[in-house]
Amino acid sequence: MIKCIAIDDEPLALQQLSAYLGKVPFFELKGSCQSALDAMRMLDEVEVDVIFIDINMPDLNGLDFVKSLKNPPMVVFTTAYQEYALDGYKVEAVDYLLKPFGMGDVLQAANKVKRRYELLHRQPAAPDDTSDVLFLKTDYKVVRIQVKDILLIEGMSEYLRIRLDRQEKPVIVLMSMKKMEERLPGDVFMRVHKSYIVNLTCISEVHKSRIVLEGGVDVPVGDSYRERLVGYISGRMLGR
């Protein structure tokens, strides 16, 4: 179960939000608070995976509260003011609920939280002696490559272009992206675009809509793949 708390200074809004969260089958509502200061005390006593918090509150608003936490849990902001959305994503909020919202909206946000939670808590794959090499047919011959040397895989219709570390010429193979994605270890490789799979250990920079790999190789990040990448990066980020 994913442990959560609700924070809102308006009693009726807090009551409704708590009722919604209590209906999510994979959530365990640990409590509710009417101020960020009360929530701060609760977090000292209760282990929480995600907080649903209003932004516009007296004394200490939701954004400043999240920024003050040394090891913040996942965050979903709730507010009646749409202009806060950008600020919410600056602190890596999982989602943003604009009031008034219903059970369907809360469930959508809860599913995003669940996906992020599962990504952060995914167990590493068991060692497999066969996972460190690939034998690929290319140019009328079969070549052996080390999986750890794969920098980037680019889809080109029915073919894949595999770029290897310290090797100028790529390997071209007749294979689908889906088949290659299934063959590679998921804790090292990630599909970040419909046409690109990257070696996560080779990422040197992360931007809003692209990443840069070692050697200065730019790779676009597709909208439908961004959330998973952000979850991976967030789980390994130190500081703000």
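Is Leu174 buried or exposed? In this predicted model, whose residues are numbered from 1 along each chain as its sequence is written, local features need pLDDT of at least 70 and side-chain atom pairs count only at pLDDT 80 or more, while totals for chains, interfaces and linings use all residues. Side-chain values use heavy atoms, with hydrogens and water left out.

Leu174 is exposed, because its relative accessible area is 56% and the term exposed applies over 50%, buried under 20% and partly exposed in between (1.4 Å probe, protein chains only). Leu174 belongs to strand E10 (residues 171–174); strands (E, at least two residues) and helices (H or I, at least four) are DSSP runs numbered from the N terminus. Together with Tyr159 and Ile172, Leu174 makes a nonpolar surface patch of about 280 Å². Patches consist of residues with over 30% relative accessible area and no salt bridge, nonpolar side chains (Val, Leu, Ile, Met, Phe, Trp, Tyr) being joined within 5 Å and like charges within 9 Å. Accessible areas come from the Shrake-Rupley method with a 1.4 Å probe, and for residues only the protein chains shown count as cover.

Ile153, in strand E8 (residues 150–156), has a relative accessible area of 0%. Leaving aside neighbours within four places in sequence, Ile153 is in contact (heavy atoms within 4.5 Å) with residues including Leu160, Ile162, Met177 and Tyr196. The C-alpha atoms of Ile153 and Tyr196 are separated by 5.6 Å, although the two residues are 43 residues apart along the chain. Thr78, in strand E4 (residues 74–79), is likewise buried at 0% relative accessibility. Among the residues that Thr78 touches, not counting those up to four places away in sequence, are Asp8, Asp54, Lys99 and Phe101.

Three aromatic pairs were counted, a pair being rings of Phe, Tyr and Trp (its six-membered ring) with centres within 6.5 Å; planes under 30 degrees apart count as stacked, over 60 as edge-to-face and the rest as tilted. Tyr20 and Phe101 form a tilted pair, at 6.5 Å centre to centre and 50° between the planes. Tyr20 lies in helix H1 (residues 11–23) and Phe101 in the loop between strand E5 (95–98) and helix H5 (103–120), so this pair ties together parts that are 81 residues apart in sequence. Phe26, Phe27 and Phe52 form one aromatic cluster. The charged end of Lys114 sits over the ring of Phe26, 5.7 Å from its centre; this term requires NZ of Lys or CZ of Arg within 6 Å of the ring centre and within 35 degrees of the ring normal.

The count of salt bridges (a side-chain nitrogen of Lys or Arg within 4 Å of a carboxyl oxygen of Asp or Glu) comes to 15. One of them joins Lys3 and Asp49 at 3.7 Å, N to O. Lys3 lies in strand E1 (residues 2–7) and Asp49 in the loop between helix H2 (36–45) and E3, so the bridge ties together parts that are 46 residues apart in sequence. Both Lys3 and Asp49 are buried. A salt bridge also joins Arg210 and Asp218 at 2.9 Å, N to O; here Arg210 is partly exposed at 31%, as is Asp218 at 45%. Salt bridges that share partners join Asp8, Asp54 and Lys99 into one network.
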